[in-house]
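Reader: I have a model open and want to go through some of its local details. Can you take my questions as they come?

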Amino acid sequence: MEDHQKAYFTVDSRLLFQLGEKLVADRAVALAELVKNSYDADATYVTVRMQEVKARGGTIVVEDNGTGITPATFEQTWMRIATIDKELNPISTKYERQRAGEKGIGRFACRRLAELLEVESIAQDDTGQKHKLRATFKWEDFLPGSDVNGIPILLSTHLVQQDTPTGTTLRLKQTTEPWRAPDIRRLRQELMDLISPITFKEELDIQPKTYDPGFRIDFECTEFQMEVEPLDKTFFRNAWARLSASVDSAGLAAYHLETTEGIKYQLDKELVREEAFSYLRDTRMEAYIFSYRTDFFRDSEWKMWEARRVGDERGGIRVYADNFRVFGYGTKGDDWLGTVYDRARSLISLGREVAPYTEEGVRPGLALFRNNNLFGHVGFSRASNKMLEITVNRDRITSNEAFEELRKFARLGVDFATVLYANQVAREQKEVRERRRAREQAHQEALEEARRRAEEATKKAQDAMRKAEEEERRTQEEIRNAELEAKRATDSRIAAGHVRREAEKQRRDIEEDARQSPDSIRLGDALKSALAKEKLLLEAEEAAIEAERKAHDHAESVRVTADERLIASIGEAKKAEEETRKAEEARRKADDDELRLRQEKLQREFSLLRVLASTGTLVLIFEHELQALIDDMEEMLASASALRAKLRDDEQEAFQIVLDSFGNRTEMVRELGDFLGLTMGADSRSEKRDWAVFPIVEKVFGPFRWYMEEYGIMYTNAVPKDLRTPRMYRSELVSVLHNLMTNAVKAVRGRQSRRIEVTGFSENGVAHIQFLDTGRGLDRGKWGVVFEPFESYSEPDITFGAGTGLGLKIVRDIARSYGGEAQFSEPPTGWSTCVEITLPAEE
């Protein structure tokens with residue numbers, strides 16, 4: 001006869017171990033679960049106190065001023081594993097908060113932290129009476145193999161005065177693990193970030209009649225006296241912009257970005273997503289976007305390096321479910337939005353939804369913001385997002401379509417901000433280039449003007465000196481003539497005086513004769529004649545004296561006037577000489593400025609070349625390690641091929657596909673290794689010789705043929721096999737070909753026609769190598785500019801990266817070092833670009 005009985009499940013105590021130690025592995029998450037319970041109990045504050053936790057055996061106290069736990073609630077919820085109480089009562093009684101607990105297992109996180117749990121709580125029951133409850137959980141009593149419902153908990157209750165404040169205190173005694181300073185620092189930070197920054201601001205707007213005074217988390221640990229830097233407005237005012245976004249009840253997302261004060265290019269932009277999300281509803285996002293640039297921190301209380309350090313440690317977009325953080329997102333090293341991954345891939349664009357905001361020529365993918373640039377959070381309502389389920393261990397969200405939409409919502413905000421910032425940077429860089437060109441042009445014009453003025457001043461000074469010399473000669477001539485006239489006047493005066501004295505002597509002789517001679521009549525006539533003659537001679541002498549005076553006065557006047565003119569002439573000459581000196585000084589200053597600008601330009605070029613040169617050793621090490629990797633890959637391929645023969649026939653075909661793919665990748669890696677050896681190998685600069693161009697072109701393109709096949713790029717090596725270079729280093733030829741190849745590949749990628757051809761010929765002892773492509777081409781006005789250092793117009797590429805602006809300069813420098821040239825020329829029909837290298841044969 002068959003015996004019918006009823007069987008019942010029992011619960012092994014080992015389940016508590018699985019719910020405690022195994023399920024909640026992170027100690028910060030475990031404490032966070034206890035803090036959430038305080039929030040759910042309508043507490044306005046909770047204090048987490050760490051006591052003697054440097055070693056095992058310490059105590060952790062979690063104390064709040066919430067509504068507490070009544071004896072009935074303790075029996076029905078605390079003592080029931082995986083209770084659905086919070087699902088049945090999702091809203092708190094006092095402040096109508098959306099309760100954070102869900103699975104009814106959070107309290108078992110206590111077992112993760114300590115061996116003993118003491119619960120003390122004061123609460124008011126439905127009759128208005130207040131009870132004080134004490135309970136002790138000794139986790140060591142719950143041994144594997146025992147039934148949970150068979151192990152008693154020490155519990156006591158009694159009534160207390162009505163004015164006794166409600167609240168709950170959990171004492172976790174005999175901590176299971178020691179806590180170190182980094183653990184405490186991280187715990188403090190995690191607790192600071194536990195509550196969503198927009199919790200109470202939003203609730204005030206939504207529920208003005210049920211005012212929530214807020215929820216504060218205090219942390220005390222006397223053993224580790226440390227403070228976590230508060231990120232207040234003094235920090236966030238250094239941000240480039242603030243981004244806010246939301247998804248409404250219909251699934252439509254809207255984004256708004258506004259730059260902070262002091263930013264040169266003020267932005268206030270909005271993006272509204274046209275397509276509604278299928279699952280995501282009632283979700284918000286707030287973020288401050290940082291760019292660690294010196295000009296953004298010029299007048300800040302924060303130093304740029306300090307802010308960057310904070311960004312490295314605490315940056316990221318965190319996730320909050322019903323105002324409490326889901327710990328697995330937005331922490332250091334987490335890349336849930338994929339920004340770090342995509343930044344490493346050097347993406348050019350960031351998708352169709354932000355494409356309309358991308359300005360022409362801007363490549364936002366290269367400026368994609370990463371965790372350390374972002375300080376923000378995404379918050380969603382679980383009531384409106386049933387598919388956004390938090391995993392049982394409380395630190396992740398189940399991966400499904402809803403979570404992918406949450407990720408997409410947040411990532412689109414970051415992409416939107418990145419595009420707008422990339423536009424700003426592009427404008428700034430364009431202004432810098434224009435200012436640099438304007439400065440160089442103005443300097444060149446100033447230099448030419450200084451030289452012209454110097455030449456004019458020199459010519460003017462020379463003319464002034466010549467005039468001064470002529471004036472001096474003319475002055476001396478006039479002085480000599482005046483002095484000669486004065487001398488003649490003096491001679492005339494002396495001669496007149498001599499004649500007059502002779503006449504006077506004759507008169508006196510006549511007078512003497514008249515006194516002694518009786519013939520007074522005759523002598524009287526003679527005397528009259530002598531007196532008349534003397535009178536005439538006296539008048540002549542007086543006239544000569546007057547003439548002499550006038551002549552000397554004239555000579556003196558001529559001398560004074562000549563001296564004045566000479567002084568004025570010399571003054572003009574000196575003035576012209578001073579102007580010449582100033583003009584020469586201005587010209588020298590202009591020359592010095594030009595030299596300084598050239599030196600700055602060369603220094604920038606040299607700095608980058610020095611960085612590039614310093615990678616040589618790393619490349620050699622990488623080549624060595626790569627060769628070892630290739631050998632291992634070939635051994636693995638051989639072993640796998642031997643294993644294939646042991647498989648069933650139907651398995652061998654599928655396995656061969658995998659082997660072929662692995663073999664192709666091995667060959668690609670080998671060719672990359674060969675290319676490194678070709679560029680940096682021991683014999684790359686060991687000797688100069690004439691090289692056959694065709695095989696080296698093949699070796700340069702070879703490692704990238706898979707890449708070109710993937711993007712539909714057709715490559716043709718049409719170089720004559722007898723074309724050889726003059727004597728040069730092989731690495732120089734490889735550098736020329738590699739730079740031209742990467743430019744051509746980046747030019748044709750994404751074009752309708754993607755063709756590259758390398759051709760060449762020899763003419764009159766000169767080797768010609770031509771690179772042709774069907775890319776976007778280059779304006780003729782830039783044919784010369786792109787050979788200048790740091791001038792790059794090529795598109796960045798995932799494989800080849802962004803251009804440094806030195807490639808074509810290196811190509812031209814190498815060609816010119818051998819007496820050749822590198823230049824753009826008119827492309828043949830059917831091609832967009834032609835770059836030609838000429839290398840003359842040695843004389």
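Reader: Where does Asp282 lie?
Author: Asp282 is in the loop between strand 10 (268-272) and strand 11 (283-289). Helices (H or I, at least four residues) and strands (E, at least two) are DSSP runs, numbered from the N terminus. The model is predicted, so local features need pLDDT of at least 70, side-chain atom pairs count only at pLDDT 80 or more, and totals for chains, interfaces and linings use all residues. Residues are numbered from 1 along each chain as its sequence is written, and side-chain values use heavy atoms, with hydrogens and water left out.

Reader: What is the phi of Asp282?
Author: Phi of Asp282 is near 45°, a positive value in a residue other than glycine.

Reader: And how accessible is Asp282?
Author: Asp282 counts as partly exposed, at 29% relative accessibility. Buried means under 20% relative accessible area, exposed over 50%, and partly exposed in between (1.4 Å probe, protein chains only).

Reader: What about Gln174, which is not a glycine either: what is its phi?
Author: Gln174 has a positive phi of about 60°. Gln174 is found in strand 6 and is partly exposed, with a relative accessible area of 39%.

Reader: Switching to Thr47. Buried or exposed?
Author: Thr47 is buried, and its relative accessible area is 7%. It belongs to strand 1 (residues 45-51).

Reader: Which residues does Thr47 touch?
Author: Leaving out residues up to four places away in sequence, Thr47 touches Val61, Val62, Glu63, Asp218 and Glu220. Contact means heavy atoms within 4.5 Å.

Reader: How do strand 1 and strand 7 pair?
Author: They pair in the parallel sense, over six bridges. Two strands pair if DSSP finds at least two bridges between them. Tyr45 has Arg216 in strand 7 as its bridge partner.

Reader: What is the strand order in the open sheet of seven strands?
Author: The order is 5-4-3-6-2-1-7, with mixed pairing. Strand 5 (154-159) and strand 7 (216-221) are at the edges with a single partner strand each, so one side of each has no neighbour in the sheet. From one strand to the next, the twist averages 10°.

Reader: Which strands does helix 3 touch on that sheet?
Author: Helix 3 (residues 71-78) packs on the sheet and touches strand 3 (114-124), strand 4 (130-138), strand 5 and strand 6 (167-175). Its direction makes about 35° with that of strand 4. Axes are lines fitted to C-alpha atoms, for helices over the stretch in contact, and angles run from 0 to 180 degrees between N-to-C directions.

Reader: And helix 6, which strands does it lie across?
Author: Helix 6 (residues 181-192) lies across strand 1 and strand 7, at about 170° to strand 7.

Reader: How many bridges join strand 17 to strand 19?
Author: Eight bridges join strand 17 (residues 766-773) to strand 19 (residues 833-840), and the two run antiparallel. Cys834 in strand 19 is the bridge partner of Leu772.

Reader: At what angle do the axes of helix 14 and helix 16 cross?
Author: The axes of helix 14 (residues 693-701) and helix 16 (residues 730-748) cross at roughly 55° and come within 10 Å. That makes helix 14 oblique to helix 16; angles under 35 degrees count as roughly parallel, over 145 as roughly antiparallel, 65 to 115 as roughly perpendicular and the rest as oblique.

Reader: Which residues meet there?
Author: Ile696, Val697, Val700 and Phe701 in helix 14 meet Arg730, Leu733, Val734, Leu737, His738 and Met741 in helix 16. By class, the contact has eight nonpolar residues, one polar and one charged. Ala, Val, Leu, Ile, Met, Phe, Trp, Tyr, Cys and Pro count as nonpolar, Asp, Glu, Lys and Arg as charged, and the others, Gly among them, as polar.
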